[in-house]
Amino acid sequence: MTDSYGRQITYLRLSVTELCDLRCRYCMPEEGVCKHGHDEMLTEDEMIAAVRAAGRLGVRKVRVTGGEPLTKPNILSICRRVAAVPGIAEVDITTNALRLPDLAKPLREAGVKRVNISLDTLNAERYAFITRRGKLADAWAGIEAALSAGFDKVKLNCVLIGGFNDDEIPALAELTRRYPLDMRFIELMPMPGDTLFGESAYIPASRVLEALPEAAPCENHDGVARLYRLPGAQGEIGLISPLSNHFCGECNRLRLTADGHVKPCLHSAEELCVKGLDEDGMREVFLRAIAAKPQQHGALSAHDPSQSARTMNRIGG
Ligand code: SAM
Ligand code: SF4
């Protein structure tokens, strides 16, 4: 399907849970989320019906996300069934990696092609601080499990936070030389109610290039990321800049939250509900959501938080 601004909508981000075993400061409140009743959340069958409906409208890629998708007991069944939906050519997952030592190989066997892993720092104390409870060694064990499970691609996502991890850009980028993985640096997005970070935390992705003078631009580009490569590196470095240089013109995606709301745009409050509908009803809602996609999101800065009515763990990133 093409939206009102000529963008082909081919990508669905499917959030399978709001819950998480970490509490990253930019994503989720310390106390966690108020647990909803099962009847308020999409069932596995509803998720599959939604993916089938989206597939009929031209969606080809599904990224399973959360909250932490690997906390979902039926995650392997969800991935296997999504991968079998007609028209879906690629199923990927975004995770904090903590459960990958047990799940990396089964996810690969379930049809997951690519894994994105959140890693903001290589310093154990900083990791414990930013995640409020995680151990860097556990995340690293998950990354190693992903690297040996045979995925088509392993990417690490680092949220850039001025005064927290900007001094680690060279060390994080160096991972693309040591391992067959890609590194993504993402500008910190100001979400509603964020009070934890001051203005200086919101640094532009261009800071990455200043820290990596030898990085050369790549010919190709990957969706919303501008790509670079260090000499001799096995993987690419991608910059995602929703604040300093928004990529709305390239936006090919819809988001479905774990409680069944389609979001036409990450940073708008507009949501359309599919909970309780059959596949045909869901298809109608997706059509309305595609028609409702705005040309671009409003200003985002330390002073202009996202208009989304949800914290990131309740959207899926
Ligand atoms: N739990 C999984 C994980 O951490 O990868 C998947 C869900 S998480 C919400 C998806 C992505 O959103 C992660 O890469 C995370 O770093 C990113 N994210 C969350 N809050 C953010 C924010 N305020 N600004 C930028 N990225 C954010
Ligand atoms: Fe959990 Fe991912 Fe949010 Fe961190 S970024 S709190 S791991 S959902």
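Predicted model: local features only at pLDDT ≥ 70, side-chain atom pairs only at ≥ 80, totals over all residues.

Which residues are linked in a network of salt bridges?

Modeller: Residues are numbered from 1 along each chain as its sequence is written, chains are lettered from A and ligands numbered from 1 in the order in which they are written, and side-chain values use heavy atoms, with hydrogens and water left out.

The network of salt bridges links Glu18, Asp259, Lys263, Glu271, Arg310 and Arg314, where a salt bridge is a side-chain nitrogen of Lys or Arg within 4 Å of a carboxyl oxygen of Asp or Glu. Asp259 takes part in a salt bridge with Arg310, with 3.1 Å between the closest N and O atoms. Here Arg310 belongs to the segment after α8 (279–291) and Asp259 to the loop between β10 (253–256) and β11 (261–263), so that the pair links distant parts of the chain, 51 residues apart; helices (H or I, at least four residues) and strands (E, at least two) are DSSP runs, numbered from the N terminus. Asp259 also forms a salt bridge with Arg314, whose closest N and O atoms are 3.4 Å apart, and this pair again links distant parts of the chain, 55 residues apart, with Arg314 in the segment after α8. Arg310 is buried at a relative accessible area of 5%, and Asp259 is buried at 10%, where buried means under 20% relative accessible area, exposed over 50% and partly exposed in between (1.4 Å probe, protein chains only). Arg314 is buried as well.

The strands on either side of the Asp259 loop, β10 and β11, belong to an open sheet of 12 strands with mixed pairing, in the order β7-β8-β9-β6-β5-β4-β3-β2-β1-β10-β11-β12; two strands pair if DSSP finds at least two bridges between them. The edges are taken by β7 (216–217) and β12 (272–273), each with a single partner strand, so one side of each has no neighbour in the sheet. Strand β1 (residues 11–15) runs parallel to β10 and is joined to β10 by four bridges, and Arg13 has Arg255 of β10 as its bridge partner.

Helix α1 (residues 44–56) lies across β1, β2 (61–65) and β10, at about 170° to β1; axes are lines fitted to C-alpha atoms, for helices over the stretch in contact (heavy atoms within 4.5 Å), and angles run from 0 to 180 degrees between N-to-C directions. Because 10 of its 13 residues are buried, α1 is largely enclosed by the rest of the structure. Its buried residues, including Met47, Ile48 and Val51, pack against β1, β2, α2 (75–83), β10 and α8. After α1 comes Gly58, with a positive phi near 110°.

Beyond this part, the structure holds 25 salt bridges. One of them joins the side chains of Asp152 and Arg108 (3.2 Å, N to O). Asp152 lies in the loop between α5 (136–147) and β5 (153–160) and Arg108 in helix α3 (residues 100–109), so this pair ties together parts that are 44 residues apart in sequence. Arg108 counts as partly exposed, at 26% relative accessibility.
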